[in-house]
Number of protein chains: 2
Amino acid sequence: MSPALVHIIERYENMKKFFEVTSLAQVFEYMSDFPLVGTEIVPLPETDGRILAADIVSDVDLPDFARSTMDGFAVQAASTFGVSEGSPAYLTVKGSVDMGDHPVFSITTGEAARISTGGMLPEGADAVVMIEHIGEIDGTTIEVYRSVAPGQHVVEKGEDFGKEEIVLCCGQKIRPQEKGLLAAFGRETVDVYQKPVIGIISTGDEVVPVNEFPASGQIRDINTYTIASLVIKAGGVPVTYGIARDEFEVLFEKCSQALAQCDMVLISGGSSVGTRDFTIEALSALPDATILVHGISISPGKPTILAKVGPKAFWGLPGHVVSAMVVFTVAVQPFIENIGGLSPQAKNEPKISARLSRNVSSAQGRIDYIRVRLTETKGVLWAEPVLGKSGLIHTMIKADGLIAIGENTEGLDKGAEVQVIPF
Amino acid sequence: MSPALVHIIERYENMKKFFEVTSLAQVFEYMSDFPLVGTEIVPLPETDGRILAADIVSDVDLPDFARSTMDGFAVQAASTFGVSEGSPAYLTVKGSVDMGDHPVFSITTGEAARISTGGMLPEGADAVVMIEHIGEIDGTTIEVYRSVAPGQHVVEKGEDFGKEEIVLCCGQKIRPQEKGLLAAFGRETVDVYQKPVIGIISTGDEVVPVNEFPASGQIRDINTYTIASLVIKAGGVPVTYGIARDEFEVLFEKCSQALAQCDMVLISGGSSVGTRDFTIEALSALPDATILVHGISISPGKPTILAKVGPKAFWGLPGHVVSAMVVFTVAVQPFIENIGGLSPQAKNEPKISARLSRNVSSAQGRIDYIRVRLTETKGVLWAEPVLGKSGLIHTMIKADGLIAIGENTEGLDKGAEVQVIPF
């Protein structure tokens, strides 16, 4: 073969590779190429939704005393063994304990102490008899009709969390209950991952700012606002760079600026036919840039670009807001969560399972994302595909989430169990 | 009957009524007694999660031009009627339209224009033939193998939203897609309901601030932080008033202050045995106060108080954080959302349906809330009851949500379909 022919074949193979779409699974393999953001210390009241950057170890036993879970009488369980309605045990009441009291007396066999829910068991007591199972003879004597086992109606010292136990793990998202636990262990400040700072650039000569009235053929900049909002939901901080005209210099300048200031950059519009070349050109001209993905086998969202510029991810999202939302939800958000320190094990987002309300067809060789609305009929949750042309924004307004139809299926039948990715 | 006896019977009936628990359905009937908060105007970028205080009407057609949804050729559909692979139509290419172009030519029968996805149809065109269904003869002629119907592969002018259409309704929560739509219609600022301001008071002599090391029998203030976090999730703004000692004057003072500054007040701890009386006393002493509910037939969470003080709701939540979380989630949050203007029709929170992983028993006459963890096995979502004594905080950390077992059931069987209220 002539050297010229070899050269042509090589170029052809490279081009083919360049236009080959990547599967979503392969895209996720690049996740580990991007380092986590740094950490910071924030006051406890401001930790909602943040990601723990260190394990949390308890500094006290919780509870730090054996506590009654009922209103009743604290006893030694052995004092009640074998009792019944017909043959009660008679116990002497030594005192009374309300929640917050610190009993100064102790009890032994044949003795009891009146106790409130949450009250501290006096020394010697190991169980609580419910108020319903005793009779009061006089001020100092009760009869007990029901036996209790040691530990019954009692939370033991350290039963919830023991001192020096790891109670929350690094990488966990802080919900109200985790915040409460941080308070329980005296964390006035908490070590968390910084919120990833995400730059957002819109492109397209037909796009005008929100404060302008669009001329015929123009459209206001929807993507900047939608994507910023998605970034907030994903735990990031959006920084918006406005609209870049379809010119190499303008785009290159905005990209350079965003990359310098952010942990990740999202450009929308640049991957569709009109402006795709400018995005690729501008990205390729940035120092230390590699195009990792140029096309993902999903629909909508195929013309998506993922590049690595230095240590940072740079995404080219489709220009149409519906496609951009889908790509963000299924691909970009996991990358933001990952650099933001969220542990995959700690993702406690509830999964939603529903039944498909009608047959849906799908192309093989790609994942199809179908917008669905959730409706409940007689306790069964149905995922109802939202009708209408795929590019229409109102399909997103009407939808509660997405369902995925896998690469190897031609569709799903009515009644099929589906997992819904909520919006 | 003697007047004295009548008086005694009346007092007894009143007392009985006072201690009668209220069903959750009855509690919700009080919702309309509390007026909505005011409205305010906020810049578009800050509208995430806010509630629209007015309908949004479109000021433009969206799209404002007939747009291609495919790469291909814009044609008059009639030019393609009856064509096939064996008998194609031959059309003359009049020009080319990229996304963002404003075509200055028109086409007629027998003519076509190359068009990109998102491109504006030239005058005269009413459909698009996909690039896959044509063959290029030379620079100015194509052959078309497949017929198209009028409107095929085209989004018509105003098809997404027509000018002067109501596109979003008052009371709707703003998600990323709604924010995008507000941008599309040029709303630089948006009229939304104010975030309800919710005062939070902790009570209990055994509760110490987070920055103190608890002595034996004491516990740090978990509730303030957990409840504040729940308020944020419910769309409110928490204002914390710290810990009130179990003394009438202290509690009365804090309650008065919180009621003056907030739209609703939540006091936790004051409804449990030890401090319940102080809460009722302090509430009753406030001007224009009515106790509406004293006990709800739910578990956990029975000792809950709801009072109306002037126009404002005042809740006494159980002291234990687990019970407080449950009451907040099932009862308080809907009240906050309601005064915050959220329309019940517009609640687009996905419902989660799962199958119960084991039998669960329940008492009749009350709704039992069971903490569950969600796990997926072979595409089926299971709700697995979290084991452990009900008062333990770690049951909340492990849980993804709650399921309700109704007042008239004695339990649910393994495999039963349940609705999960996510945390």
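Student: How many helices and strands does chain A have?
Tutor: Chain A has 8 helices and 28 strands. Helices here are DSSP runs of H or I with at least four residues, strands are E runs of at least two, and both are numbered from the N terminus. This is a predicted model: local features need pLDDT of at least 70, side-chain atom pairs count only at pLDDT 80 or more, and totals for chains, interfaces and linings use all residues. Residues are numbered from 1 along each chain as its sequence is written, while chains are lettered from A and ligands numbered from 1 in the order in which they are written.

Student: Is chain A spread out or compact?
Tutor: Chain A is more spread out than a compact globule, because its radius of gyration is 31 Å, well over the 22 Å that the globule rule gives for 423 residues. The radius is taken over C-alpha atoms, and the rule is 2.2 Å times the number of residues to the power 0.38. Along the principal axes, the C-alpha atoms of chain A fill a box of roughly 105 × 55 × 50 Å.

Student: What share of chain A counts as buried?
Tutor: Of its 423 residues, 47% count as buried. Buried means 20 or more other C-beta atoms within 10 Å of the residue's own; exposed means 12 or fewer; partly exposed is in between, with C-beta atoms placed from the backbone.

Student: Why do the copies meet through the same surface?
Tutor: Because 99% of the interface residues of chain A are also interface residues in chain B.

Student: Back to H3(A). Buried or exposed?
Tutor: 9 of the 9 residues of H3(A) are buried, so it is largely enclosed by the rest of the structure. Among them are Pro176(A), Leu181(A) and Leu182(A). After H3(A) comes Gly186(A), with a positive phi near 75°.

Student: What covers helix H4 of chain B?
Tutor: The cover over the buried residues of H4(B) includes H3 of chain A, plus strand S13 (197-203), strand S16 (237-244), S17 and helix H7 (321-339) of chain B. Just after H4(B), Gly235(B) takes a positive phi of about 95°.

Student: Now strand S21 of chain B. How many of its residues are buried?
Tutor: 6 of its 6 residues, 312-317, are buried. Lys312(B), Phe314(B) and Gly316(B) lie on one side, with Ala313(B), Trp315(B) and Leu317(B) on the other. In a regular strand the side chains alternate between the two faces of the sheet.

Student: Which strands pair with S21(B)?
Tutor: Strand S17 (residues 264-268) of chain B pairs with S21(B) in the parallel sense over 5 bridges. Strand S20 (residues 305-309) of chain B pairs with S21(B) in the antiparallel sense, also over 5 bridges. A pair needs at least two DSSP bridges. Ser268(B) stands opposite Leu317(B), and Ile305(B) stands opposite Gly316(B). S20(B) and S21(B) form a hairpin with 2 residues between them, and Gly310(B) in the turn has a positive phi of about 60°.

Student: Last one. Where is Glu407(A)?
Tutor: Glu407(A) sits in the loop between strand S26 (401-405) and strand S27 (411-412) of chain A. Glu407(A) is partly exposed, because 17 other C-beta atoms lie within 10 Å. Leaving aside neighbours within four places in sequence, its contacts include Ser297(A) and Arg366(A).

Key: Contact = placed C-beta atoms within 7 Å.
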